[in-house]
Amino acid sequence: MATGRTHRPATRSRGIPEATVARLPLYLRALTALSERSVPTVSSEELAAAAGVNSAKLRKDFSYLGSYGTRGVGYDVEYLVYQISRELGLTQDWPVVIVGIGNLGAALANYGGFASRGFRVAALIDADPALTGESVAGIRVQHTDDLEKIIQDNGVSIGVIATPAGAAQQVAERLVAAGVTSILNFAPTVLTVPEGVDVRKVDLSIELQILAFHEQRKASEEQSGDSEPPAARGRKASADKGPDGDVPAVMPA
């Protein structure tokens, strides 16, 4: 069985832009849903809509994979699932360690989507001695004292950090020193890592703050709209209409 330490994805060497790489999982998710419904082919427009992108961008992204579809037929769903999975490195086994088995770490350990997407939770690690030996998602929690040995024994190159912010940097340094080259960071802090180590940050509080911004803006717009008297809104709407009741495309000189 191949492991993450001996096989790396070929996306960078093939010159696929990072923005395209970031969209490949979206295409794969949409294609997997089609495959599960036994849909044999899909048009670029249909797949783009399912993935939430425009069709021109999708066709450009797929051109980097060497996949252009068939005019009048579209893309072969099963082949694209294989092609994107291969490009993302999901046709092999990627052992992952999760460090920090609090509420979030335990939830990640219990997430059933890892295995179906090519990831195997090889170990759960925590600094709390009271958790050592406990079983979470059928996996025994091990102590951080054994972190380096666990990584080496399991051939791990991907680490997930779900610790409190204050412990995250030290954990990241130990992971990197032990051979981990990719980190998914859930801790609310920015990690400093050497060149060649990839870090993806998932900050739930930031995402919620962005949503709060949009909610506040929508509320402000609604309040602003409601403050205008109905009669004034009616006059404004009438002024915007042309002789036939439509907004003129070009105002007269």
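**Entry 1: ground rules**

I start with burial: a residue is buried under 20% relative accessible area, exposed over 50% and partly exposed in between, with a 1.4 Å probe and protein chains only. The model I am looking at is predicted, so I noted that local features need pLDDT of at least 70 and side-chain atom pairs count only at pLDDT 80 or more, while totals for chains, interfaces and linings use all residues. Residues are numbered from 1 along each chain as its sequence is written, and side-chain values use heavy atoms, with hydrogens and water left out.

**Entry 2: salt bridges**

I looked up salt bridges next, meaning a side-chain nitrogen of Lys or Arg within 4 Å of a carboxyl oxygen of Asp or Glu. How many salt bridges does this rule give? The count comes to seven. I followed three of them in turn.

One of them joins the side chains of Asp93 and Arg120, at 3.0 Å from N to O. This pair links distant parts of the chain, 27 residues apart: Asp93 is in the loop between α4 (77–87) and β3 (94–99), and Arg120 is in strand β4 (residues 119–126). Asp93 has 11% relative accessibility, so I wrote it down as buried. Arg120, at 34%, counts as partly exposed.

Another salt bridge brings the side chains of Arg174 and Glu148 together at 2.9 Å, N to O. Arg174 belongs to helix α8 (residues 165–178) and Glu148 to helix α7 (residues 147–154), so the pair ties together parts that are 26 residues apart in sequence. Arg174 is partly exposed at 24% relative accessibility, and Glu148 is partly exposed too, at 27%.

I then turned to Glu215 and Lys218, whose side chains meet in a salt bridge of 2.7 Å, N to O. Both lie in helix α9 (residues 204–227), three residues apart, which is about one turn of the helix. Glu215 counts as partly exposed at 48% relative accessibility, and Lys218 counts as partly exposed at 41%.

**Entry 3: Thr163**

Is Thr163 buried or exposed? Its relative accessible area is 12%, so Thr163 is buried. I found Thr163 in the loop between β7 (158–161) and α8. For contacts I take heavy atoms within 4.5 Å. Setting aside neighbours within four places in sequence, Thr163 touches Val99, Gly100, Ala168, Val171 and Ala187.

**Entry 4: how helices pack**

Two packed helices are described by the angle between their axes and the distance between the axes. The axes are lines fitted to C-alpha atoms, for helices over the stretch in contact, and angles between N-to-C directions run from 0 to 180 degrees.

I began with helix α1 (residues 18–36) and helix α2 (residues 44–51), which pack at about 110° with axes 9 Å apart. Angles under 35 degrees count as roughly parallel, over 145 as roughly antiparallel, 65 to 115 as roughly perpendicular and the rest as oblique. α1 and α2 are therefore roughly perpendicular to each other. On the α1 side I listed Leu26, Tyr27, Ala30, Leu31 and Leu34, which meet Leu47, Ala50 and Ala51 in α2. By class, this contact of α1 with α2 has eight nonpolar, no polar and no charged residues. My classes are these: Ala, Val, Leu, Ile, Met, Phe, Trp, Tyr, Cys and Pro are nonpolar, Asp, Glu, Lys and Arg are charged, and the others, Gly among them, are polar.

Next I checked α2 against helix α3 (residues 55–64): their axes come within 8 Å and cross at roughly 100°. That makes α2 roughly perpendicular to α3. Ser44, Glu45, Leu47 and Ala48 of α2 make the contact with Ser55, Leu58, Arg59 and Phe62 of α3. Sorted by class, the contact of α2 with α3 has four nonpolar, two polar and two charged residues.

**Entry 5: positive phi**

Most residues other than glycine have a negative phi. I looked for residues with a positive value. Ser38 has a phi near 60°; Ser38 sits in the loop between α1 and β1 (41–42) and is exposed at 62% relative accessibility. Ala137 has a positive phi of about 55°. I located Ala137 in the loop between β5 (135–136) and β6 (139–143), where Ala137 counts as partly exposed at 40% relative accessibility.

Key
Helix = DSSP H or I, 4+ residues; strand = E, 2+ residues; numbered from the N terminus.
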